[in-house]
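Please read them with the structure open beside you.

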Amino acid sequence: MVETPRRLTGRGTTIRIPTLAGAKRRLGRYRIRLGRALIRQAAAAEVGSRPPHDFRTWVERRSGGRFVGFPEQWRELVAAADAAVPATSTPLDRPRVAVVLHVHYPELVPGLVERLRAVPEPFDLVVTVTDGVAVDLDTSALELVRRVVVLPIENRGRDVLPLVSVVNAGLLDGYDAVLKVHTKRSAWRAGHATLSGSGAEWRDELLDAVLGSPEQVARVLEALRHSDAGMVTSGASIVGAEHWGADEPGVRSLLRRIELEDLPINLRFPGGSVYWAKGFVLRGLRALRMDRDDFPDERGEIDGTTAHAVERLLGVLTVESGLTVSAVDALPPRRPVPPVPAEVVPFYLPQFHTFPENDAWWGTGFTEWTNVTRAVPDHLGHAQPMLPGALGFYDLHRDEVRAAQTRLAQDAGLGVFMYYHYWFAGKQLMSMPLERLAASDLDQRFCVMWANEDWTRTWDGRGDSVLIAQDYDRVPAEDFIEHLLPLMADPRWYRIRGAAVVAVYRPAHLPDHRATIAAWRRRAEEAGVGPLHVLGVDVGAVFDGLGADGLADSGLDGLLGFPPHNHPWRWKEQGALEVRPAFVGRILEYRAMADETIDRLRAPGGLGDVAPGVMVGFDNTARRQLAPDLWYGANPFTFRRWLAEAVRSAERVTPDAPVVFLNAWNEWAEGAVLEPTERYGATYLDATASVLAR
């Protein structure tokens with residue numbers, strides 16, 4: 001029986017008398033509201049107890065919109081500084097050196113400016129100044145300074161947040177070497193239990209090292225440009241694990257942003273935050289997407305903050321890149337100049353435009369971007385969808401896109417693209433981009449890899465859902481070469497030892513690859529395009545690869561490395577990644593693949609008949625959603641180390657014609673992207689340029 005409220009009425013007023021059932025309902029509602037409030041309070045307390053650089057907090061912030069990473073009012077100040085540069089200057093006049101100076105104690109500025117006279121070549125000066133600090137910056141005595149930018153910033157993160165903001169703003173792009181200095185006092189040093197000397201003495205020691213004389217600075221610049229020096233400072237201020245302090249958790253939290261949280265660390269870093277650095281090392285900080293929210297309010301701590309973690313992290317990332325943290329008086333030797341520098345050749349996917357077959361198979365307007373934008377993260381912090389950076393969602397119908405890609409590639413030291421080429425029994429797909437390139441006057445060399453597999457809805461040439469098949473009975477594979485002969489006559493066609501390069505993805509897929517390749521060679525000679533250099537792709541037997549053991553008498557001139565194919569696969573423990581419950585894909589370790597491949601590259605014979613291949617990354621979530629193959633831990637620093645070793649190996653093993661292949665320039669739906677991304681900017685190109693600089 002349900003009790004109902006009784007009503008007493010008198011003098012026009014109705015009085016509700018509560019019943020037991022009503023009281024229980026109200027108590028239940030109160031308990032629910034109280035429970036929700038307690039949950040909110042507990043969640044807020046849990047979030048509030050996290051350090052500002054906490055990984056989960058960062059992931060939650062990252063989902064909130066576009067990343068900027070610097071005070072946006074800087075844009076006008078930078079534009080004004082650019083306008084002040086003499087109109088007679090050209091891009092070729094731009095200095096290759098930048099100096100970043102953070103000012104918190106203005107009385108130290110004149111001495112620092114005087115010290116900058118030791119920089120022996122033109123440089124640009126970026127000055128960040130703590131809000132509310134008045135500084136009189138007189139650079140009239142600096143005859144070699146070209147551009148001076150003065151930027152206000154809040155008092156947060158010491159001199160480190162200002163540096164990170166300068167990096168995020170792109171103000172260090174394009175420089176070979178960067179000097180990082182600040183108005184350092186370090187008054188705490190005088191009373192330190194183990195560190196000797198005052199803060200002023202430490203400051204002078206550091207400045208004597210990095211700005212001792214023009215001759216000394218010239219030696220440092222030479223090392224940063226032509227050796228494996230990554231950071232250079234006073235030898236007395238290079239420290240190791242004894243100076244972890246309370247900062248290892250912060251370093252590992254930041255490393256997780258680039259999936260390196262389990263990195264073995266033999267700590268070595270420049271204490272004092274005054275140093276010279278290779279441009280790539282500092283610009284690589286952009287990959288961590290740090291901003292003001294990662295740094296706590298300034299309370300004068302001497303350890304345990306984000307700034308202290310970043311100070312150590314820079315040394316960690318330098319070493320992970322294959323570079324050194326060196327003393328100014330113990331610089332690494334200059335890299336030997338090879339007789340022939342290695343050619344680094346990225347693979348190029350031409351599917352970023354509409355064409356009738358894709359419209360029919362996938363819907364009108366489909367391009368590779370359609371796959372890319374639908375991806376969703378499969379684990380905590382998973383960088384999906386992978387979105388474009390400076391080039392945007394480009395359309396290869398536009399010639400200016402190829403021109404922009406060519407400029408980016410050349411700036412990184414890349415002169416050749418290997419186009420994936422789609423030919424099915426005489427029918428070509430996606431041929432427009434290569435045809436437009438051939439018809440242009442772009443200074444861009446090229447060649448092709450015939451992707452001679454069936455096209456399927458699973459994007460891997462396997463499975464039953466075939467969209468268009470290779471049909472060697474209808475049109476023999478020997479005929480493939482015919483439509484390429486006019487292109488091969490172009491002087492921009494890439495050649496090795498004078499022979500035109502053609503690659504075949506699945507050589508054993510051809511009915512008789514020996515006879516087919518022999519026919520190609522005869523036809524090329526008859527057409528007057530000269531000899532061919534025919535490469536097979538080093539893929540497994542399931543993909544109709546031949547492997548190095550099958551190379552003899554195959555008709556091929558060699559194999560090209562195409563990781564992740566035929567490279568070490570090591571599984572990643574998923575327990576700590578917080579993968580989606582429905583996830584059924586495979587997660588593997590990028591760094592393990594890189595490390596094991598580097599060991600093979602260092603062998604006297606390198607990879608033998610296989611031209612080294614390096615993988616930017618691999619993650620086909622955009623195509624497979626909950627069932628992808630993804631390599632956890634792909635990042636620009638490990639990539640640089642792998643690429644540097646591949647280049648060294650190629651130049652040692654095949655000194656007359658060294659070549660390294662890169663997977664890939666723009667495989668967006670497979671997460672193998674060298675060109676600029678929203679996540680990493682141009683950091684991968686920057687890594688490539690730092691390897692190829694001579």
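**Aromatic contacts and overall build**

1. Phe347, Tyr420, Tyr505, Phe562 and Phe661 form one aromatic cluster. Please keep in mind throughout that this is a predicted model.

2. Across the whole structure, a search finds 32 aromatic pairs. One of them joins tyrosine 505 and phenylalanine 562, whose rings are edge-to-face, with 5.9 Å from centre to centre and 90 degrees between the planes. This pair links distant parts of the chain, since tyrosine 505 lies in the loop between β19 (499-504) and α16 (513-527), while phenylalanine 562 lies in the loop between β21 (558-560) and β22 (586-589), 57 residues apart.

3. Are the two partners buried or exposed? Tyrosine 505 has a relative accessible area of 9% and is therefore buried, and phenylalanine 562, at 8% relative accessibility, also counts as buried.

4. The rings of tryptophan 569 and tryptophan 571 also form an edge-to-face pair, because their centres are 6.4 Å apart and their planes stand at 80 degrees. Here tryptophan 569 is partly exposed, with a relative accessible area of 29%, whereas tryptophan 571 is exposed, at 52%.

5. Two charged side chains deserve a look beside the ring pairs. Lysine 184 lies over the face of tryptophan 202, at 4.0 Å from the ring centre, and the charged end of arginine 679 sits over the ring of tyrosine 680, 4.6 Å from its centre.

6. As for the chain as a whole, the protein has 20 helices and 28 strands, and buried residues make up 56% of its 694 residues. Of the contacts between residues at least 6 apart in sequence, 77% join residues at least 24 apart.

Technical notes:
Residues are numbered from 1 along each chain as its sequence is written. This is a predicted model: local features need pLDDT of at least 70, side-chain atom pairs count only at pLDDT 80 or more; totals for chains, interfaces and linings use all residues. Side-chain values use heavy atoms; hydrogens and water are left out. Helices (H or I, at least four residues) and strands (E, at least two) are DSSP runs, numbered from the N terminus. Buried means under 20% relative accessible area, exposed over 50%, partly exposed in between (1.4 Å probe, protein chains only). Contact means heavy atoms within 4.5 Å. Rings of Phe, Tyr and Trp (its six-membered ring) pair if their centres lie within 6.5 Å; planes under 30 degrees apart count as stacked, over 60 as edge-to-face and the rest as tilted. A charge sits over a ring if NZ of Lys or CZ of Arg is within 6 Å of the ring centre and within 35 degrees of the ring normal.
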